Structures are given as structure tokens and as C-alpha cells.
Amino acid sequence: MTQILDTIPTFDSFAGKAFLKSPYAREQLWEQLYEGAHRDVFDAFYAAEPGTEGRNALVLDLSKLRVVANEAAPVMTQLIGEVEPAVAEALGMAGVPRPRHVLLVGPMSASAVVGRLGDQVALFHCLEWFNSAEGARILIAHEDAHAFHQVRLGKDNPTDVAWTAFYEGLAIQVSRVVVAGRADDDYFWYGHEGFADWLPWCRDHVDVLEERLRGALDDPAATETFFGSGFVEGRWRVGYFLADSLVRRLDRPLGELVTMSPDEGRRAVREALGVKD
């Protein structure tokens with residue numbers, strides 16, 4: 001059964017008390033009244049996704065954020081219930097214990113985060129990023145694939161770029177199966193606008209991007225460059241395009257891919273790139 005912990009009623013209560021306060025006081029009350037009421041949740045969230053820098057901007061428009069969170073919570077609850085069984089089936093993990101889902105408002109650092117809450121793998125959904133039900137459906141499929149993958153791994157997720165390419169590529173492939181028939185852009189940007197030229201540019205420069213990744217496979221900073229805030233050839237997040245292409249090129253069942261060890265996943269990515277060990 002899908003497990004969902006919804007912290008949004010607590011956020012709504014905090015926002016109702018804080019909206020007339022100064023931005024500084026709002027941020028203090030955010031920590032005390034909202035995060036403090038769910039200390040175990042936010043300790044687990046920040047362990048997986050450190051940093052609160054974005055929160056000082058969010059408190060400037062607390063009323064809008066309150067509306068977004070309250071609109072998103074029931075939509076996300078319904079979508080998680082619909083999407084998760086399909087993700088489990090796609091990965092051949094229907095009988096495996098499911099991750100725990102947490103609905104929260106974070107500091108705008110990530111749209112979703114996989115971590116641990118107690119002894120369970122948990123998927124923290126950050127509702128400040130909510131855009132639309134259509135986009136959220138794909139995002140949930142992608143991130144829930146990560147959560148199930150983490151359940152299968154049974155240990156902390158490695159962070160090197162070859163494994164990250166495998167890990168992200170598998171999640172994108174799951175989202176393509178579970179939420180089929182969407183525009184290709186949506187599997188990377190989840191309905192957010194402003195990226196219309198990103199995918200055509202990546203396709204036009206795929207040879208250059210693959211060469212750059214081949215040269216960065218042993219670079220400890222490469223994951224941030226390709227999948228984080230860095231730029232490759234002046235473009236952001238091109239690692240996701242490469243990950244999708246490389247894992248699709250493996251042409252293996254999703255249920256087989258999710259059982260591969262990190263070493264096997266890295267080796268598969270290197271082979272797909274034509275790198276000889």
C-alpha cells in the first residue's frame with residue numbers, strides 16, 4: 001500500500017500565522033512552526049538535500065506559496081496513488097516494499113529528493129515546484145523509479161557521473177513507459193516553460209556532448225557539471241539528455257536494468273559510449 005505523509009496542513013497553519021510578519025520573522029517561524037513540527041522529516045530531507053538558501057526568497061510571497069501548496073497536495077496524493085503501482089510493475093518490483101512518500105514545502109533546492117526516513121526509503125515531494133498535474137505525473141514516475149531503485153540497491157546511491165547517467169537514464173525510461181505519449185521535452189522539464197530549444201540543441205550536438213562525457217568519466221566534478229548547476233557547451237543539465245539516450249541504447253528490459261550493480265551500470269554506460277576498459 002502507498003504510504004503518504006502530508007505536512008501541508010502544518011505549512012498552511014504556519015503561513016496563516018506568519019504572512020503579516022517581516023520576511024526575517026517569517027523565515028524564523030518557518031523553522032519553528034513548520035519544520036519544527038516535523039523535525040524527523042526535515043532532518044531526513046536536509047540530510048539528503050542540504051541547504052536552505054532558497055527559503056529567504058520563498059517567504060517574500062508566502063500567500064502565493066500557500067495557495068500553490070494547498071492546490072498541489074490533493075493532486076499529488078491522487079497522482080502518487082495512480083502512478084506508483086505502474087512504476088513498480090514496470091520495474092518488476094510489484095512485490096517489493098514501497099517507499100514512503102512525503103509532501104512538503106522545501107527551500108526550492110530540488111523538485112523531489114530520495115532519502116531515508118527512519119529505516120525506510122522515502123521520496124520527498126517539494127510542492128513549491130508544482131506546475132501542473134500533467135507535469136507532476138511524469139515527475140512522480142521519474143522520482144518514484146529512483147526510490148524503487150534505491151530500495152533495490154539497499155545502500156547509499158553512488159555519485160560518480162557514469163553511475164548517475166545510468167541511474168537517471170533508467171528513471172527517464174520508466175517515466176516514458178508509465179506516462180507514455182508525451183512530448184519528448186516533458187520527460188526532461190515536466191511541463192515547465194522556457195526550454196523549447198534545449199532538446200533540439202542537444203540532438204544537434206550529441207556527438208560533441210558524448211565526447212565531453214567520455215572525457216569526464218573519471219572526473220569527480222563531472223556529475224555536478226552534467227547533471228547539476230554546471231554547464232557543458234553553454235547548456236544546463238545536458239547529462240539527462242545523454243542518460244536517456246545511453247540507457248535506451250542498451251536495449252534491455254527495465255526489470256533487468258534495475259537489478260544491475262553500480263559497477264555493472266557504470267560498465268554499461270561506458271560500453272554505450274564506446275569506451276574500452
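A residue is called buried here when its relative accessible area is under 20%, exposed when that area is over 50%, and partly exposed in between. The structure shown in these views is a predicted model.

**Figure 1. Arginine 237 and glutamate 233, two residues other than glycine with a positive phi.** Arginine 237 is found in the loop that lies between E6 and H12, and its phi is near 60 degrees, a positive value in a residue that is not glycine. Its relative accessibility is 16%, and because buried means under 20%, arginine 237 counts as buried. Glutamate 233 also has a positive phi, near 55 degrees, and its place is the loop between strand E5 (231-232) and strand E6 (235-236). With a relative accessible area of 43%, glutamate 233 is partly exposed.

**Figure 2. The salt bridge between aspartate 244 and arginine 176.** The side chains of these two residues, aspartate 244 and arginine 176, meet with a distance of 2.9 Å from N to O. This pair links distant parts of the chain, since aspartate 244 belongs to helix H12 (residues 238-250) and arginine 176 to helix H7 (residues 161-178), and the two stand 68 residues apart. Aspartate 244 and arginine 176 are both buried. Under the rule used for such pairs, the count comes to 21 salt bridges.

**Figure 3. The salt bridge between arginine 203 and aspartate 184.** Here the side chains of arginine 203 and aspartate 184 meet at 2.5 Å, taken from N to O. This pair, too, links distant parts of the chain: arginine 203 sits in helix H9 (residues 198-204), whereas aspartate 184 sits in the loop between H7 and helix H8 (186-189), 19 residues apart. Arginine 203 is partly exposed, at 43% relative accessibility, and aspartate 184 is partly exposed as well, with a relative accessible area of 28%.

Figure 4. An α-helix has 3.6 residues a turn, so residues that are three or four places apart point the same way. Arginine 214 counts as partly exposed at 28% relative accessibility, and glutamate 211, with a relative accessible area of 48%, is partly exposed too.

**Figure 5. A network of salt bridges that includes Glu27 and Arg55.** In this view the members of the network, linked by salt bridges, are Glu27, Glu31, Glu35, Arg39, Asp43 and Arg55.

**Figure 6. The packing of helix H1 against helix H2.** Helix H1 (residues 8-18) and helix H2 (residues 23-34) pack at an angle of about 145 degrees, and their axes are 10 Å apart. The crossing in which H1 passes H2 is right-handed.

**Figure 7. Histidine 101 and its surroundings in the model.** Histidine 101 has its place in strand E2 (residues 100-104), and with a relative accessible area of 0% it is buried. When its neighbours within four places in sequence are left aside, histidine 101 is in contact with Thr2, Gln3, Ile4, Leu5, Ile80, Glu84, Leu123, His125 and Asp144.

**Figure 8. Glycine 118 in the loop between strands E3 and E4.** Glycine 118 lies between strand E3 (112-117) and strand E4 (120-126), and it is exposed, with a relative accessible area of 69%. Its C-alpha atom is separated by 14 Å from that of aspartate 156, a residue 38 residues apart from glycine 118 along the chain.

Technical notes
Residues numbered from 1 in each chain as written. Predicted model: local features only at pLDDT ≥ 70, side-chain atom pairs only at ≥ 80, totals over all residues. Heavy atoms only, no water. Salt bridge = Lys/Arg side-chain N within 4 Å of Asp/Glu carboxyl O. Helix = DSSP H or I, 4+ residues; strand = E, 2+ residues; numbered from the N terminus. Buried < 20%, exposed > 50% of the residue type's maximum accessible area, 1.4 Å probe, protein only. Axes fitted to C-alpha atoms, helices over the stretch in contact; angles between N-to-C directions. Left-handed = near helix turned anticlockwise from the far one by under 90°. Contact = heavy atoms within 4.5 Å.
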